[in-house]
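Reader: I have a structure open and want to learn how to read it. Can we start with the ligand?

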Amino acid sequence: MNENRSNFTSKIGFILAAAGSAVGLGNIWRFPYLVAKYGGGTFLLCYIILAITFGFTLMVAEIALGRKTGLSAIGAFKKLDKRFGFLGVLAAVVPIIILPYYSVIGGWVIKYFATFVTGGTKAAAGDDYFTTFIGGVRSPILWFALFVVFTAVVVILGVEKGIETVSKFLMPVLVVLTIGISIYVLTMDGAIEGLKYYIMPHMSDFSVKTLLAAMGQLFYSMSLAMGIMITYGSYMKKSTSLEGSVRQIEIFDTGIAFFAGLMIVPAVFIFSGGDQSALSAGPGLMFITLPKVFASMPMGGFVGTVFFILVFFAAVTSAISLMETIVSILMDRFKWKRKFTCIIVVIYVLLMGIPSSLGFGVWDFIQPIGMSILDFWDFLSNSVLMPIVALFTCIFVGFFIKPKTIIEEASAEGAAFKSKKLFTVMIKWIAPILLVLILISSVMNALGIMSL
Ligand code: TRP
C-alpha cells in the first residue's frame with residue numbers, strides 16, 4: 001500500500017490539492033445557509049475561533065498521522081495502535097453517508113446551470129421556482145442521476161487528473177466571481193442591514209446550537225474527521241511545513257466561505273422585504289436567493305451561467321474525491337475490480353440519494369427526528385459521526401500515541417512548529433471536553449429530550 005505513493009512536489013502543490021478537495025459545496029452552499037440561520041455574525045465569530053483553534057489542531061493531527069505512517073485512515077490508526085483500527089473504519093463511514101446527499105445538491109446545481117444557459121434567468125428568480133422544482137419527482141432525480149453518472153464516469157475512466165487541472169484554473173475564477181458578486185450585492189439598497197447581520201456578533205444570539213452548527217460545518221468544510229486529511233498527509237513530503245500548510249488551507253477555505261456568505265446573506269435581506277423567516281430557508285437558500293441577484297444585474301443571465309458552471313466544477317471535484325475514497329476502501333477490503341466497484345457505488349448512491357431528493361417534495365411527510373431526509377443524513381454525519389471520530393482522534397493522540405508524536409512529525413527536518421502549546425492543550429483537554437458536551441447536547445436535542 002505504501003509503495004508508489006507519489007509525493008506532492010511542492011508546498012503550494014500540496015496546499016492546492018488539499019484545498020481543492022476542501023473547497024466545494026460546503027463553502028458555497030452550506031456555509032451561507034448556516035450563517036443565515038444561526039445568528040449571522042455570532043455564527044461567523046464562533047466559526048472563525050473554532051477554525052483557528054480546533055480546526056487547526058485536528059488538521060495538524062490528521063495530516064501528521066498520514067505523513068508519519070504513509071497510510072490512509074484505516075491503515076494509519078491500526079499501524080500506530082491495533083486497538084484503534086475501528087476508528088479508521090468509523091471515519092470511512094462518513095464519506096459513505098455524505099456522497100449521496102452531496103450529489104443531490106450537485107444535481108440542483110446542474111439544473112440551475114441548465115436554467116441560466118437556456119435563458120431562464122427571469123423564471124429562476126420567481127418566488128416559486130425552487131419549491132416547484134424540488135417538489136417534483138422526476139426532474140430533481142434526473143439531475144441528481146446526471147451528477148452521479150458524470151462523477152462516476154470520471155472515476156471509472158480515471159481522468160481525475162484532467163478534471164483537477166481544469167478545476168485548478170477555474171477555482172480562482174470562482175473566487176474572483178464570488179467577490180465580484182458580493183461587491184455588487186453590497187451596493188444594492190438595503191444591503192447594509194444584511195451586512196450588519198452577517199458580520200456583527202450579538203452574544204444574546206449565542207446558543208449551544210450555534211456552536212454545534214459551527215463545529216459540524218468546520219468538519220464538513222475542511223474535510224476533517226473522515227480520514228481524508230490523513231490520506232492527503234500520506235502524500236505530503238517531510239520537507240513541507242505542516243503548520244504553514246494547515247494555516248494556509250484554513251485561510252483559503254474560510255476565505256471562500258466568507259465571500260460566499262457575503263454574497264448571499266445580505267441578498268436575503270434585500271429581497272425578502274424584511275421577512276426574517278427567509279433567513280432560515282436551509283439547504284435551498286443559495287438557490288432561492290442568487291437567481292434574484294442575477295435577475296437584477298446587467299448581463300445577469302451570463303453571470304448566472306458562469307457562476308453555476310463554476311460551482312458545478314467545485315462540487316464535482318469534491319464528489320469525485322468522495323467517490324474515490326469509497327471505491328478504494330471497497331477495493332482494498334473486498335478485492336473487487338475497479339469498474340465493478342464503481343458500479344456498485346453508483347447503485348448505492350442512487351438508492352440512497354433518491355429519498356433525500358424526494359424528501360423535499362412528495363416524501364416531505366417522512367421526517368426522521370423532525371428533519372427532512374437530506375437534513376437527517378447531514379445531521380447524522382456532521383453532528384454525530386464526525387464529532388465521535390474527532391473525539392476518539394483527540395483521545396488517541398492526546399493519551400495513547402501522545403501529542404509529542406505529532407509535534408515531532410510536524411517539526412520533521414527542522415520545520416518550525418510554533419503552536420506546540422496550543423496544540424497540546426487543545427488535543428488533550430479543550431477539544432475532547434467540548435466534543436463530549438456538544439455530542440451530548442446534539443443527541444439530546446435531536447431526540448427531543450432537551451431543547452437548545
Ligand atoms: N469539504 C468539501 C466541501 O466543502 C466536502 C467534503 C466533505 C469532501 N468530505 C469530503 C470533499 C471528502 C472531498 C473529500 O464541499
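Predicted model: local features only at pLDDT ≥ 70, side-chain atom pairs only at ≥ 80, totals over all residues.

Reader: Which polar side-chain atom lies 3.1 Å from a nitrogen atom of the ligand?

Author: One from Ser223. On the oxygen side, a polar backbone atom of Leu25 is 3.1 Å from an oxygen atom of the ligand. The cut-off for a polar contact is 3.5 Å between N or O atoms.

Reader: Which residues surround the ligand?

Author: There are 15 of them, and the closest are Ala22, Gly26, Tyr102, Tyr220 and Met226. Next, sort the shell by class. It has 7 nonpolar, 8 polar and no charged residues. α1 (11–22), α2 (25–37), α11 (208–221) and α15 (300–334) each supply at least two residues.

Reader: What volume does the second largest pocket have?

Author: About 700 Å³. Of its 32 lining residues, Lys37, Tyr38, Met371, Asp375 and Phe379 are the closest to its centre. α2, α7 (129–135), α11, α17 (373–400) and α19 (420–446) each give two or more residues to this lining. By class, the lining has 16 nonpolar, 11 polar and 5 charged residues.

Reader: How many salt bridges are in the whole structure?

Author: A search finds 7. For a salt bridge, look for a Lys or Arg side-chain nitrogen within 4 Å of an Asp or Glu carboxyl oxygen. Take Arg67 and Glu409: their side chains meet at 2.8 Å, N to O.

Reader: Where in the chain do Arg67 and Glu409 sit?

Author: In distant parts. Arg67 is in helix α3 (residues 41–69) and Glu409 in helix α18 (residues 402–410), 342 residues apart.

Technical notes
Residues numbered from 1 in each chain as written. Heavy atoms only, no water. Near = heavy atom within 4 Å. Polar contact = N/O pair within 3.5 Å; in protein donor to acceptor, adjacent residues only side chain to side chain. Helix = DSSP H or I, 4+ residues; strand = E, 2+ residues; numbered from the N terminus. Nonpolar A, V, L, I, M, F, W, Y, C, P; charged D, E, K, R; others polar. 1 Å grid on protein atoms, 1.4 Å probe; cavity = no way out; pocket = protein on both sides within 12 Å on 5 of 7 lines; lining within 4 Å. Points joined across faces, edges and corners; volume = space filled by probe spheres on them.
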